[in-house]
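My entries follow in the order in which I looked.

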Amino acid sequence: MSKDNQILEEFTSREYEHGWTSDIEMESAPKGLNEDIIRFISAKKNEPDWLLEWRLKAYRQWTKMVEPKWPNVTYPEINYQDIIYYAAPKQKATPKSLEDVDPELLKTFERLGISLTEQKRLTGVAVDAVLDSVSVATTFKEKLAELGIIFCSFSEAVREHPELVKKYLGSVVPMNDNYFAALNSAVFSDGSFCYIPKGVRCPMELSTYFRINAANTGQFERTLIVADEGSYVSYLEGCTAPQRDENQLHAAVVEIYAMKDAHVKYSTVQNWYPGDKEGKGGIYNFVTKRALCAGENSKVSWTQVETGSAITWKYPSCILKGDNSSGEFYSVAVTNNYQQADTGTKMIHIGRNTKSRIVSKGISAGHSQNSYRGQVHVLKRAENARNFSQCDSLLMGNTCGAHTFPYIDVENNSARVEHEATTSKIGEDQIFYCLQRGIDEESAVALIVNGYAKEVLNQLPMEFAVEAQKLLALTLEGSVG
Amino acid sequence: MTNASVHSELLDLLTEAVLVQNELRTEAMQVFRKLGLPGNKNEEYKHTPITRALEKGLQLRASFVTGGALPNEDQWKISGLNAYHAVLLNGSLLPEKSFLPSQVTAMPMSKASANLQHVKDNMGTYADFRNDAFAAWNTAAWSDGVYLEIPEAVKLDKPIVIYYLHDSQAGQVKSVTRNLVISGRNSEAAIIEKWCTTGSNTVISNTLSEIVLHESARLNHVVLQSDTDAHIQYLFNQFWQHSGSFLNSHVITLDGGFIRNNTRVALDGENCESHLYGLYLLHKNIIADNHTVVDHRKPNSYSNELYKGILEDQAKGVFNGKIFVRPDAQKTNAFQSNRNILLSDKATINTKPQLEIWADDVKCSHGCTTGQLDEEALFYLRSRGINKDTARAMMLYAFASELLDTVNDAELKNYLDALVSERLHKNF
């Protein structure tokens, strides 16, 4: 046992590798939040009046709301007046092409392994890179434009395609949906916008990479994906942040609008700075993600690998409104040290013959707390709705906790809803078996964890799957009980 | 009238004529006043509109009647069951109508709590009243109940049935009862609880039992709810198990108005075993809510929970099962399963099986399903010349009988089987 614990400790004690900061000249708004700050952000971005009005409306609603306390996480009170709501790399002029982008910026992303230089076509992924509050570069824009696909930063979308933004902004996550969504609606600074026209199958993975760099800032980005009839897109999201002692707030909103026969696949590898071994610092990741399957036969699938953040609190959801629409949620959430995660999904069955599938794998180690919280709601008119949920937890060590809070509400008698959950640990016998075959303990743990998470990792696009697998091994380095 | 003033009138009505005599009651009353009646924002009562049921069922300006007439035995007695019994009428124990075994210490709770020091000391130490308004109300306002002590190594030959009779013909009835059961070391007993209402005025009953199982004690406990729709019921059974004890708990809900059951088990010793079974066959407008908690506090224990329900008409069922495994409770095995069949498109079920685990060397799982009868199985039966209604009845009966099979007492099982068969129109 003691030896197991030792390996466990070594394995879990690996440092965060994206903890460096880059020295980029920044300009930022003063600390605090009030209507002037919102006007400042809006003016900075040359936004039209309707958007400013929308922000102010959201802000006024936010001031009337209270921070929710029901999640199974604890953190000190957040002082919303002590956060910088806007920080952007200083740029002399809007870059026309990649050559005009600050080389320091490009270096930052290169260091993260994200190539913004389009020569590397091998990767075949179009990236929108967001540093702190603004999008710095979007690659492969022209190539995508040939197919009619719009993929750009949110601010650009507001300038170039106001009619689309106006129509779909807030259509899935209303501005007053919840406390953090309202905050985001008021102060969101940038993000990605994506529109896939009728019948187009997006030929490459679209990707957004978020990086928090500046200190004391919050990141509030907004992603809006609109998939028109019969289209397909696979979207990836990655995130990292420097190692800092104070907690930083990340309150993002992702909206997906899927029309008839559209298929959207959204994958996240979330690796925000999780705080140090004593639980100091780290990102509060309070995110609202929701997809609306508005049309018939539409399909949305969420895949997430959550390894970072001091506190993760998010529930990527699907509203299955169109008949025969389907939603999927695959998640691996790993918590270590003093991390806390309260994550899961909501599947709201409204249309007939709607289907949903939930596979959630939680892994907790160290002193962390890992909760799955999910809701499957079958409304009265959702004839023949079908749901299958599975949520498993793996515990490493006896100082962590795993919790499951599934809510199952069925109002239609033709629905079939199944839920199952298990909690277990990595068995001594499993490790012994590996040892016997010449696999050392550390690789054995990685092997078992990867096997455990395989069902979810298989859902990721290939480039991501490799990264996620490595990330899993790193996060858990040293964790067997 | 505003909602708030209805609430405060309800609170006043419920707590009228409470004789606050001691510290525990005073504290509980403060808790009750502070918590107020739970609304739908309260996580524990999210889908259980108990306050609305009280508002609808109770006449605010009329007070409660006490006393009443004892109905005929055939109306309330479990037929064909050879058993001891305790009878309570509108919340008071009737010792002259009760028949209890000579080996056990049995007395009205009102007397026991006044005379026995260990009853005074134990009361309120097992069932948590600080986080639940109705448990607080019970602790503050109970009027009577049954105190039972089964001495060490005594094995009872027959079950003890506690009958809660309510006569609401003269007006609405409030009955707040409290029991304490102490099963001594190596003792064996079976306890059955049953409710029966005569009269059409609303009955609000609040029954809280603290049941302690000492080392290696064995207890079979059955709750049988088949009352009229005039009855708004809150029931809280707190079991406390010491090392090596064995518990078999059944909660069978067939009829009633509004039902909320809290069944909680604390496994506070090693090598304990608990089986929690529940069967709810709901029809008409019944709302029945089963909240269960299995709290593993010590290592090496086993718990198994199975709740099944069939819902018809506009019935609403709620299930919330919590399993806690505390950091010390290594080598725990805990299982939980909730299965539901919805027969009408107006019936609803809200279920929330919940696991909270702080120990790593455990095996825990839960499962939950909601669906209908298997079409293929129905087809199979029909292809063998069984008509549709019979085939359905057979399958529903089979679904329910898995739980009936776990009832140990053969006489009780026959009685329950007859009730369930009648309900499911079994005539094959």
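I began with the contact between the chains, where 31 residues of chain B are in contact with 30 residues of chain A, two residues being in contact if their C-beta atoms, placed from the backbone, lie within 7 Å. On the side of chain B that touches chain A, strand 18 (348-357) and strand 19 (363-371) of chain B each supply at least two residues, and strand 18 of chain B gives the largest share, ten residues. Strands here are DSSP runs of E, at least two residues long, and helices are runs of H or I of at least four, both numbered from the N terminus. By class I noted 13 nonpolar, twelve polar and six charged residues on this side of chain B; Ala, Val, Leu, Ile, Met, Phe, Trp, Tyr, Cys and Pro count as nonpolar, Asp, Glu, Lys and Arg as charged, and the others, Gly among them, as polar.

I noted that the model is predicted, that local features need pLDDT of at least 70 and side-chain atom pairs 80 or more, while totals for chains, interfaces and linings use all residues. Residues are numbered from 1 along each chain as its sequence is written, and chains are lettered from A and ligands numbered from 1 in the order in which they are written.

Which strand of chain A is joined to strand 18 of chain B? I found strand 23 (residues 401-410) of chain A, running antiparallel to strand 18 of chain B and joined to it by six bridges, where pairing requires that DSSP finds at least two bridges. Thr404(A) has Leu355(B) as its bridge partner in strand 18 of chain B.

Next I turned to the domains of chain B, domain 1 (3-268) and domain 2 (373-428), whose bounds come from an automatic or database domain assignment. Their centres, taken over C-alpha atoms, are 32 Å apart, and 15 residues of domain 1 of chain B are in contact with ten of domain 2 of chain B. Strand 11 of chain B gives the most to the domain 1 side, with four residues, and that side has eight nonpolar, seven polar and no charged residues.

Last I checked confidence, given by pLDDT, the predictor's confidence in each residue from 0 to 100. Chain A averages 82; its lowest mean, 50, is in helix 1 (residues 2-12) of chain A, and its highest, 95, in strand 19 (residues 346-349) of chain A. Where pLDDT is low, the predicted coordinates should not be read in detail.
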